[in-house]
Amino acid sequence: MSASITVTSLAFAWPDGTPVFEGLDAAFGPGRTGLVGVNGSGKSTLLKLIAGELAPADGTVRVAGEVGYLPQNVTLDTTLRVDEALGIAAQRAALHAIESGDVSEAHFETVGDDWDVEERALATLGELGLGHVELDRTIGEVSGGESVLLRLAALLLRRPDVLLLDEPTNNLDLYARRRLYAAVQSWPGVMIVVSHDRELLDLVDQIADLRSGTITWYGGNYAAYEEALEIEQEAAERMVRVAESDFRKQKRELADAQVKLARRKRYGQKMWDSKREPKIVMGARKRAAQESAGKHRIMHEEKLAEARERLDEAVEAVRDDDEIRVDLPYTAVPPGRTVLTLQDLGLRYGTRVKGGFELRGPERVALIGRNGAGKTTLLRTITGELAPESGEVRTHVPLRFLPQRLDVLDGELSVAENVARFAPGATNNRVRARLARFLFRGARADQKAATLSGGERFRAALAALMLADPAPQLLMLDEPTNNLDMASVRQLTTALESYEGALVVASHDLPFLESVGITRWLLLEEGELKEITPEAVGFSS
């Protein structure tokens, strides 16, 4: 039997009763499926249900074949040896014992038919760019990105029939991502991958769009999905216009009918008052008129109700893809003005920025490099969070920094209160008016930061920094697209279009960097900051 996943009438809710799925049906067969949807739609929850890490409240999940699952947050015991993390320590020990002359039956049982497990492990590590990682090293000696690849290597060595990947490229540098892309392309079984990484999603065979508790299927990769979605949305918007026109027409016809009925009523009353016909005739005519008027009114009200229902259905089919549009004139930096100066900078953990470096005017700088190269350390040193070991950092304009962990927000305060902390001189009305541009309208601005979804939390943190007083003329972002859905990435991109200051972004997300108009590329490698060309990164221009 070929590997497959079947989800039938699946229901799941959080302990507080909030429903995630109610009656979800889906089937996944051989091939690579990209599972997409907005933050909070239940993508990671569905993977956990398939992997057996969560139990459904109702319905069934049936998997034909062995499942391998790579969670979004990979945590490995730093004291483990690499072979233990790969799950081959016992087999290696048995093999080495047999090679040393110990022919105990237990060793042969441990090895089974997997005599080449060590060679396969080394080959798999090599394919993932981890050829330098020795099997006897400990996890504490490898970087965070390498630990993600080690976890993937462990899954590949198990040869599962079904592979579930949840945001696998988070925290991976450009080089590690390329290795993961190659592993995904060569996968022969069933794969479901949740990701915001466009390059990764362009490698899948189909897209499963999880929205409002149901899945809609689209053949092809993410680019094909976007094209199909655009056509769908254009059709949906046309249907809204048709439904709106019909609704207005039915309202007019109901109003006209009510005017005509009122005229008839006045005429009938006038005839009654003047007693021009026998009382019995006028009574019969009055009853017939009332009956006719009632039927007429009910008919028009029903038509209006049907038109309203069609309009509601048409509106529901149009996605809420609001974009952040905000005017930020006080962030402007004149061309040529010095924004940042670094001189012979020595950072913690041994990284150095030799010589001088200047950032001028509204430049947009991408900071790239391998995991562990020191990008976050450099940004935190520029902000003043870390003191330089040597040399000098000088910022010449107001600076704001958005770290990966988004800890600029106080979880106990509302969104509006958080923004007010950064702009103490702004009135409550002004704060709320500006927040509305960041899609926090009305009661949404009163939500506590701790209750926000990942995408909302990011948007609130971005609003707090960009609306700060004084306005930031140097904005630094550290891996801003990690854990953001595609809609949130688009919202971030449109917000940055309005920003007129200098921008420094540390990121491995090349499509995002290209979308925000990077003007300079800086590579932090082997303790040195080097300027490189777009071609060196992988762009044609």
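The legends below describe close-up views of one predicted model.

Local features are given where pLDDT is at least 70 and side-chain atom pairs where pLDDT is 80 or more, while totals for chains, interfaces and linings use all residues. Residues are numbered from 1 along each chain as its sequence is written, and side-chain values use heavy atoms, with hydrogens and water left out.

**View 1. The chain as a whole.** The chain has 17 helices and 18 strands. Helices (H or I, at least four residues) and strands (E, at least two) are DSSP runs, numbered from the N terminus. Of the 541 residues, 46% are buried; buried means under 20% relative accessible area, exposed over 50%, and partly exposed in between (1.4 Å probe, protein chains only). Contact means heavy atoms within 4.5 Å. Among contacts between residues at least 6 apart in sequence, 71% join residues at least 24 apart.

**View 2. Helix 12 against helix 13.** Two packed helices are described by the angle between their axes and the distance between the axes. Axes are lines fitted to C-alpha atoms, for helices over the stretch in contact, and angles run from 0 to 180 degrees between N-to-C directions. The axes of helix 12 (residues 415-422) and helix 13 (residues 428-437) come within 10 Å and cross at roughly 110°. Helix 12 is therefore roughly perpendicular to helix 13. On the scale used, angles under 35 degrees are roughly parallel, over 145 roughly antiparallel, 65 to 115 roughly perpendicular, and the rest oblique. The crossing of helix 12 and helix 13 is right-handed; a crossing is right-handed if the near helix is turned clockwise from the far one by less than a right angle, and left-handed if anticlockwise. Helix 12 makes the contact through Val415, Ala416, Val419 and Ala420, and helix 13 through Val431, Arg432 and Leu435. By class, the contact has six nonpolar, no polar and one charged residues. Ala, Val, Leu, Ile, Met, Phe, Trp, Tyr, Cys and Pro count as nonpolar, Asp, Glu, Lys and Arg as charged, and the others, Gly among them, as polar.

View 3. Serine 414 lies in the loop between strand 14 (399-402) and helix 12. Serine 414 counts as buried because its relative accessibility is 6%. With neighbours within four places in sequence left aside, serine 414 is in contact with Ala445, Asp446, Gln447, Lys448 and Ala449.

**View 4. Helix 14 beside helix 15.** Helix 14 (residues 454-466) and helix 15 (residues 486-498) pack at an angle of about 10°, and their axes are 10 Å apart. This makes helix 14 roughly parallel to helix 15. The residues in contact are Gly455, Phe458, Arg459, Leu462 and Met466 of helix 14 and Ser488, Gln491, Leu492, Ala495 and Leu496 of helix 15. Six of these residues are nonpolar, three are polar and one is charged.

**View 5. Loops between helix 14 and helix 15.** Proline 470 is in the loop between helix 14 and strand 15 (474-478). The peptide bond from aspartate 469 to proline 470 is cis, with omega near 5°. Glutamate 479 is placed in the loop between strand 15 and helix 15. Although not a glycine, glutamate 479 has a positive phi of about 45°. Glutamate 479 is buried, at 7% relative accessible area.

View 6. The structure holds four aromatic pairs. Rings of Phe, Tyr and Trp (its six-membered ring) pair if their centres lie within 6.5 Å; planes under 30 degrees apart count as stacked, over 60 as edge-to-face and the rest as tilted. The ring centres of tyrosine 222 and tyrosine 225 are 5.2 Å apart and the planes are at 50°, so this pair is tilted. Tyrosine 222 and tyrosine 225 are separated by about one helical turn because they lie three residues apart in helix 9 (residues 222-274). Tyrosine 222 is buried, at 3% relative accessible area, and tyrosine 225 is also buried, at 5%. Ring pairs link Tyr218, Tyr222 and Tyr225 into a cluster.

**View 7. Arginine 120 in helix 5.** Arginine 120 is found in helix 5 (residues 117-127) and is buried, with a relative accessible area of 15%. The C-alpha atoms of arginine 120 and leucine 157 are separated by 7.3 Å, and the two residues are 37 apart along the chain.
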